[in-house]
Amino acid sequence: MGAYQAFTALLLRDLKLGFRNMGDLLNPLLFFLMVVTLFPLALGPEKSVLQEHAPAVIWVASLLAASISLDTMFRSDMEDGSLEQILLSPYPDIILVMAKILAHWLMTGAPLTIFALLLSVLLYLPGEAYLPLLGTLLLGTPILSLVGSVAVALTVGLRSGGMLLVLLILPLYMPVLIFAISAVNNAMRGLSVAGEFYFLSGMLILALTLAPFATAYALKIRMG
Amino acid sequence: MLGPTIDKFAAPKNAYSVACTLSPWFAWISILLFAGGVYGGLFYAPPDYDQGEAYRILYVHVPAAWMSMFVYVVMAGAGACGLIWKVKLMDAVARSCAPLGASFTLLALITGSIWGKPMWGTWWVWDARLTSELILLFLYLGYMALQSSIDDRRTAARAGAILALVGVVNIPIIHFSVEWWNTLHQGPTVTKLDEPSIHVTMLIPLLIMSIAYTTFFITMLMVRLRAEILDQERNTTWVRELVLGGTD
């Protein structure tokens, strides 16, 4: 089995495990829906207000849902010992870590993106902002999974792991939030979104290059 | 070669005695510099043509803000050395840096807020620098939270080092993104301090104060380091001899 086969095998295994455990898959989406519902209750049902804050609401809710969903990335594998076996296997750790991150994104980031588009109808997001919102989510949510994986690897199996994870990860997510919301807001005002998209793409490439190394190393440290 | 020399110096016992010898020296230097800097800042430097006497808080605020970033880099650098060369001393340095850096950051935020009240008429503005300083404080607190929740000292140090390095990569991105955000969201409602080219009579006390802050940081680092080393080496004979020798 080559490294590529190992990558696909682990990816398929994770996806299969994820779909067998629908709760883990649906809970972040449910959380996302609930957080979005809080905002009309807090801000009032007026269309103009909701429309103006729609990008912020969608993105803050996505950020929170993503950070909460991270917890499941390595935990069950750590508990039943399969993470150790995965790291002991002869394939490069980075490839295996990449497979786990991709599986996590496919099971949280991707559904979150689709869900966000549906929910932005409820917030009266104007039509011209849909495509930019989709774009920022497609570029942004993989960054959340990648950067998040480092923090999960550092906190997996700790007593207060879940809470600590959110505390560690939110400051690192702030740039994504800023650029994504700025892009959608620009689109709503008919301005160019190129700058923000370049930046998000740059951050995605940076995260893609560095995060798997840091995650693999962090996992090795946690495993001793 | 250099390696064995560093190893010898980095041996906890030697590092402990070096820290014991040097810390009073640095303490005295920093006390003298603080006295000079405070005198210079309060009496020697002329009042500002725009802000009058109120600007003098700058001598506390600006060095604190500088130190907040400097200490983070020292912490990440020490963490990286600990990771790469597996020097235990460097782990202890990184661990000692975190609370100091967080204190400098908090000091910069508080003094900035006190300065902002008379200048901007409000305790807080969502200015780019203030916001990135606040995020820096979050990074420090996250580092400390991670350190305190991992029981094994070695694992904690290495995990902390990775987090600090991720933070170092992120700090420029955070800083830049916050500036970008600020220019987009904030109109010209807040008259931000236009920094004039600072006069040399104002600059000299500022430089003295920054050196004072640096030596103060080194002093406190050594004090913390001594405690860290004793804690880390508490099962060794030399620590037992040191402690028992003191009580006998």
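**Note on helix packing in a predicted two-chain model**

1. Start with helix α6 of chain A, residues 93–122. Its 30 residues should span 44 Å at 1.5 Å a residue, and the end C-alpha atoms agree, lying 43 Å apart. The expected span is 1.5 Å times one less than the number of residues. Helices here are DSSP runs (H or I, at least four residues), numbered from the N terminus.

2. On conventions: this is a predicted model, where local features need pLDDT of at least 70, side-chain atom pairs count only at pLDDT 80 or more, and totals for chains, interfaces and linings use all residues. Residues are numbered from 1 along each chain as its sequence is written, and chains are lettered from A and ligands numbered from 1 in the order in which they are written.

3. α6(A) has a kink of about 40°, centred on A:W105. The bend at a residue is the angle between axes fitted to the seven residues ending there and the seven starting there. A:Y124 follows α6(A) and has a positive phi, near 60°.

4. In chain A, helix α2 (residues 22–43) packs on α3(A) at about 150°, with axes 9 Å apart. Axes are lines fitted to C-alpha atoms, for helices over the stretch in contact; angles run from 0 to 180 degrees between N-to-C directions.

5. Contact requires C-beta atoms, placed from the backbone, within 7 Å. By class, the contact has 15 nonpolar, three polar and no charged residues. Nonpolar covers Ala, Val, Leu, Ile, Met, Phe, Trp, Tyr, Cys and Pro; charged covers Asp, Glu, Lys and Arg; the others, Gly among them, are polar.

6. Helix α3(A), residues 47–69, also packs on helix α7(A), residues 130–155, at about 25° with axes 10 Å apart. That makes the pair roughly parallel (angles under 35 degrees; over 145 is roughly antiparallel, 65 to 115 roughly perpendicular, the rest oblique). α3(A) supplies A:P55, A:I58, A:S62, A:A66 and A:S67, and among the α7(A) partners are A:L133 and A:G148. The contact has six nonpolar, four polar and no charged residues.

7. In chain B, the axes of α3 (residues 58–85) and α7 (residues 200–232) come within 9 Å and cross at roughly 45°. α3(B) is therefore oblique to α7(B). Among the contact residues are B:W66 and B:M67 of α3(B), and B:Y213 and B:F217 of α7(B). The contact divides into 13 nonpolar, one polar and no charged residues.

8. Which helix gives the most to the side of chain B that touches chain A? α6(B) does, with 15 residues. In total, 23 residues of chain B contact 22 of chain A. The chain B side divides into 17 nonpolar, five polar and one charged.

Methods. Contact = placed C-beta atoms within 7 Å.
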